Amino acid sequence: QVQLVESGGGLVQIGASLRLSCEASGRIGRSYAMTWFRQAPGKEREFVATMDWQNGFTDYSDSVKGRFTLSRDIAKPTLYLQMDDLKPEDTAVYYCAAGGVPSRLEIDVRSWGQGTQVTVSP
């Protein structure tokens with residue numbers, strides 16, 4: 001019931017910044033959360049960050065904490081992921097997801113976006 005469209009990926013050098021966007025449409029609800037996952041070639045998809053839309057609570061994976069920051073535009077609504085000091089290990093397809101609660105788990109996802117590629121040159 002929620003449609004998600006990601007944008008903002010690209011090819012950058014080590015230490016550069018990118019801002020990813022995830023625009024949502026359809027029924028979202030007060031208790032919905034929006035989450036970023038990523039998947040590198042040959043690796044499992046992993047949790048990046050999540051936000052509770054009721055109170056703005058955020059949670060970040062250890063690998064990105066201190067470098068990535070979530071923000072939101074309630075009116076659109078859109079979730080942003082500001083990525084600073086990018087490293088080669090950040091290279092992956094980044095997926096936006098919507099769920100009923102903030103979660104690090106894929107089983108809590110209700111809807112997925114199609115993903116946007118982020119490539120950081122070594």
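A: Helices (H or I, at least four residues) and strands (E, at least two) are DSSP runs, numbered from the N terminus. By that rule the protein chain has 11 strands and zero helices. This is a predicted model, in which local features need pLDDT of at least 70 and side-chain atom pairs count only at pLDDT 80 or more, while totals for chains, interfaces and linings use all residues. Residues are numbered from 1 along each chain as its sequence is written, and side-chain values use heavy atoms, with hydrogens and water left out.

Q: Why is S111 called buried?
A: Buried means under 20% relative accessible area, exposed over 50%, and partly exposed in between (1.4 Å probe, protein chains only). S111 has 9% relative accessibility, so it counts as buried. This residue lies in strand β10, residues 109-112. Of the 122 residues of the protein chain, 46% count as buried.

Q: Which residues does S111 touch, not counting residues up to four places away in sequence?
A: Contact means heavy atoms within 4.5 Å. On that count S111 touches Q1, V2, L4, C96, A97 and A98. A polar atom of the S111 side chain also lies 2.9 Å from the backbone oxygen of V2.

Q: Why is V5 called exposed?
A: V5 counts as exposed because its relative accessibility is 55%. The residue is in strand β1. Leaving aside neighbours within four places in sequence, V5 is in contact with S21, C22 and E23.

Q: Which residues touch the most other members of the largest nonpolar core?
A: A nonpolar core is a set of buried Ala, Val, Leu, Ile, Met, Phe, Trp, Tyr and Cys residues joined through side-chain atoms within 4.5 Å. The largest one has 29 residues, and W36, L81, M83 and Y94 touch the most other members. Strands that each supply at least two residues of this core include β1 (2-7), β4 (33-39) and β9 (92-99). In soluble globular proteins, nonpolar side chains tend to be buried together.

Q: How many aromatic pairs does a search of the whole structure find?
A: Rings of Phe, Tyr and Trp (its six-membered ring) pair if their centres lie within 6.5 Å; planes under 30 degrees apart count as stacked, over 60 as edge-to-face and the rest as tilted. The search finds three aromatic pairs. F37 and W112 form a tilted pair, at 5.2 Å centre to centre with 50 degrees between the planes. This pair links F37 in strand β4 to W112 in strand β10, 75 residues apart. F37 counts as buried at 1% relative accessibility, whereas W112 is partly exposed at 29%.

Q: Why is the pair of Y95 and W112 called edge-to-face?
A: The ring centres of Y95 and W112 are 6.3 Å apart and their planes stand at 90 degrees, so the pair is edge-to-face. Ring pairs link F37, F47, Y95 and W112 into a cluster.

How values were computed. A polar contact is a pair of N or O atoms within 3.5 Å; within protein, one must be able to donate a hydrogen and the other to accept it, and residues adjacent in sequence count only if both atoms are side-chain atoms.
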